[in-house]
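The report below describes the fold of one protein chain, from its overall contacts to a single residue. Please keep the model in view while reading.

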Amino acid sequence: MNWIKLVELLKGHKVYLQTHNFPDPDALASAYGMQVFLKAHGVDTTICYAGEIEANSTKKMMEVFHIEAYEINDIDNMLEEDYIVTIDGQKYNSNLTDFPGDEVACIDHHPTLKPCSYHYSDLRICGACASIVANYFKESDTTLDVNTATALLYGIKMDTDSFNRGVTDFDIEMFSFLHKIADNQTIITLSHNNYEIQDLYAYGEAIRNIKIYDNVGFASISFDCPDALVAMISDFILGLDVVEFAVVYAVRNGGYKFSVRNETKYYHAGTVTSRALKDIGDGGGHFAMAGGIVFPEKMYLLGDHPHFEIQQLFMNILNSIDEEVASSEETEG
């Protein structure tokens, strides 16, 4: 991380901070934190995204922290020469829409699926992108106010499932740094009452549709629902005592949106999802969590029994990994 290089790159330009589509708390907290950081060093920015602010938790945090973010259709003056910093997402990823501006920089905590040449990049594998942004304040000794520290802390909490998922020593270090400044009561308030009544319908359908094969759980939802809700249901399915790998997907724009969770030591959620969906969509992510989509134009490849085909795609990959592990253990034995 070279914060001076980033500031020097952006100065004198119109700058947008673009989150991944349908931003979650970590994406918005990270963009907001970077906006505050850059403002302190003389760079004004605008936060933007594609899609909707869907989750109740995300809507609430925008109100509480006074975050201003604009959907791309509400921005009519972005030019090709304007600079874009992608936050919590990378260019060429399926969950990051290509905007008119020039993606000159990237700050993200996900594995790189399709390399891109940025003028500046800060890519670190950790539990939350907000941890990376917090580090900019710490390393540069930039003043961090209570509101921004609380937003970043909330982003870390949400993306690591309260430090139960994908957390690293770096996330813990940044939590300690932020905790001394943040308003803990606001964190508690935001953590309560995040469910909406319609969320229960999605949970109910996922429970009715769940299929379990060995330690792998599949659940489908036949209607469009927020990405954050699909992720929460995936966490819920993983909580079953017999499930160690969960695949949950919902209808989205004529295709499917996936959330995948892993707590085994052999599977990698991002790699498995990428391999399973490579011919019909796109996917990727971390060891413990991943996301993916089936493109609408590829749905026909799933035939008349799409749920069975999806289960087969994932199980074939997982079974091949099991065979590789078994073979390796026999060789070592």
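## Contacts and overall dimensions

Among the contacts in the protein chain with a separation of 6 or more, 63% are accounted for by residues 24 or more positions apart, where contact means heavy atoms within 4.5 Å. The model is predicted, and local features need pLDDT of at least 70, side-chain atom pairs count only at pLDDT 80 or more, and totals for chains, interfaces and linings use all residues. Residues are numbered from 1 along each chain as its sequence is written, and side-chain values use heavy atoms, with hydrogens and water left out.

The secondary structure of the chain comes to eleven helices and twelve strands, these being DSSP runs numbered from the N terminus (helices H or I, at least four residues; strands E, at least two). The radius of gyration, taken over C-alpha atoms, is 20 Å, close to the 20 Å that the globule rule gives for 333 residues, so the chain is as compact as a globular protein of that length; the rule is 2.2 Å times the number of residues to the power 0.38. Of the 333 residues, 53% count as buried (under 20% relative accessible area, with a 1.4 Å probe and protein chains only).

## The parallel sheet

Six strands form an open sheet in the order β3-β2-β1-β4-β5-β6, with parallel pairing; two strands pair if DSSP finds at least two bridges between them. The edge strands, each pairing on one side only, are β3 (69-71) and β6 (120-123).

Strand β1 (residues 15-19) is joined to the parallel strand β4 (residues 83-87) by five bridges, and V15 stands opposite Y83 in β4. Helix α2 (residues 25-40) lies across β1, β2 (45-49), β3, β4 and β5 (102-108), and runs at about 165 degrees to β2; axes are lines fitted to C-alpha atoms, for helices over the stretch in contact, with angles from 0 to 180 degrees between N-to-C directions.

Q18 lies in strand β1 and is buried, with a relative accessible area of 0%. Leaving aside neighbours within four places in sequence, Q18 is in contact with C48, I84, V85, T86, I87, L96, T97 and F99.

## Nonpolar cores

The largest nonpolar core has 52 residues, of which L6, L10, M34, L38, I107 and L178 touch the most other members; such a core is a set of buried Ala, Val, Leu, Ile, Met, Phe, Trp, Tyr and Cys residues joined through side-chain atoms within 4.5 Å. Apart from this core lies another, of 24 residues, including V216, V260, L277 and I317.

Key:
Buried < 20%, exposed > 50% of the residue type's maximum accessible area, 1.4 Å probe, protein only.
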